[in-house]
Amino acid sequence: MQNGKTVVFVDSGVGGRPYLDVFKDRNPDVQTVYIADSQHYPYGEKTRPELVEILSGLTAKIIDEHNPAVIVLACNTASVTALEELRLLYPDIPFVGTVPAIKPAILASRKKHIGVIGTERTVAETYIDDLARSIEKEYAGRKVTKITKIGAADLVDFVEKKLETASNVEKFNAAEIYVKWFREAGADGIVLGCTHFLFLLDEFKEAAKPDITIYDSLDGVSARIEAILSKNMKGLIISGSRNVFVVKPLTSHNANENYIECRIKGKVLKEDKNFFNPLAPGDIVEYTQTGLIISLKKRRNIFTRFNIKGNVPQILAANIDLAFCITSPASPPFRPRFIDRFLLQAEVCGITPVILCNKHDLLCESSSNYEIIQERLNNYRIIGYKTIFTSVQSGDGLEALQKMLINKTSVFCGQSGVGKSSLLNALLPEACMKVGGMNKKWDRGNHTTVMAHLFESKNNDFTLIDTPGVRNFSIAGVTAKDIINYMPDILGAARDCGFGASCTHRSEEGCGVLKAVKTGAIHPERYQSFIKIFDEVVSNEGELLY
């Protein structure tokens, strides 16, 4: 995983460092890497095929190791000879060349005569002459009578080998020799056509006074990089907490790969509406290539619970098709009231819930709670909820579960110890989730999943979001008076209440809900869940509604 994306500068030596330095001055927070390919020094003496082969291999390595947002060919020779071929070979990678600043020099020349100083390879290329002709076509009447070019291999050598120990006089003399040559030739502008010569930029400018202008592409290159970085990307939230999130670019087609670490720009999203966490697995965000999340795309839905510690709703997952309540017949014990809360929350969030009874191998007819569990699960089916059984130990139900998941994004939620991580490992072996044991004293699970995490199948045919085990599931996003609207069995009975919407469904004569409980149409435990959740939400709201 990368910490944002990186701007990578490439040259065969130190010559391209001025481009890096200027860019860092303008963009101090952007992650950068400078690669001095000394194995192939100097690029300026390589042929076109040699440079393309060298830089193509180096680009593949950069992609593998640095997740580049931009690759800068910080070498004029490489830019003039290999840039276009690299763009064809790697169409998904933005390349920026450090081509000589020919255009501004031509447009500003009064004498219609400019000079270009570069490596032997740069001045031998047709790029400069081709560019001059294209400028003539673009700017009618801007005829350039002459472009004088000179290869200065000795000056490249001076920068690489002598610059650090050279005196100011020696540096000035090294530049002045060439300025005098161009002045005598009649040029009124000199283009520095090799990145090495930028180390002598001040000396060139001083020697050129007052009649010659020196042109470089330092600011122009930085501007082009900044323009690329300003193009935002879309990504999928994989996991995260506080202000640090793992994001997968939506351009990536490999499951669980190419993740980058991002932070929310300014630490607060405009879309954040008083949630405990601003983002959750499944969210689609817009982010910069430097790893700053700048906006949240509209959600289809969110699956939440009330975070008691923060006293605000907490988003467990976003953009969900199915919400699985993972339970077990034993170890930990079957908890129907937890299921009731989960089903209510799924209804509030507008997400289809599924009750998944895992560890089915522990449920047998001789079990003391066998009939109770079967009765409750059958009651849920009567209400209209889907229930399935699975066992990681025997493999029962896993194939049917996998079919349910196809082409969907699903979330697993349940108590610690019910086997969410084991199920995930059975469905997605590559997930390699840590599996925790049971707390024997309390007959409940130990937390092994510390934060919600999104996983994609190897074939990208389904997505699973695993959430940390919870012991208490508090309801979010609904008022106490509206709870009944999200419990379909109780809502159906409430339509027969003699008191209508004002009925508290606790002691009134003629209450349709109490009548349904007495006749068995509503399970007594289900009714008790309704009352307990109602009182809890009233308590959270801080007011009594009855």
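Q: What is the strand order of the open sheet of six strands?
A: This is a predicted model, in which local features need pLDDT of at least 70, side-chain atom pairs count only at pLDDT 80 or more, and totals for chains, interfaces and linings use all residues. Residues are numbered from 1 along each chain as its sequence is written, and side-chain values use heavy atoms, without hydrogens and water. Strands are DSSP runs of E with at least two residues, helices runs of H or I with at least four, numbered from the N terminus; two strands pair if DSSP finds at least two bridges between them. With mixed pairing, the order is β18-β17-β16-β19-β23-β22.

Q: Why is one side of β18 and of β22 left without a neighbour in the sheet?
A: β22 (453-456) pairs with β23 (residues 463-466) in the antiparallel sense over four bridges. Both β18 (386-389) and β22 stand at the edges, so each has a single partner strand.

Q: What angle does the direction of helix α11 make with that of β16?
A: Helix α11 (residues 336-349) packs on the sheet, touching β16, β17 and β19; contact means heavy atoms within 4.5 Å. Axes are lines fitted to C-alpha atoms, for helices over the stretch in contact, and angles run from 0 to 180 degrees between N-to-C directions. The angle is about 175°.
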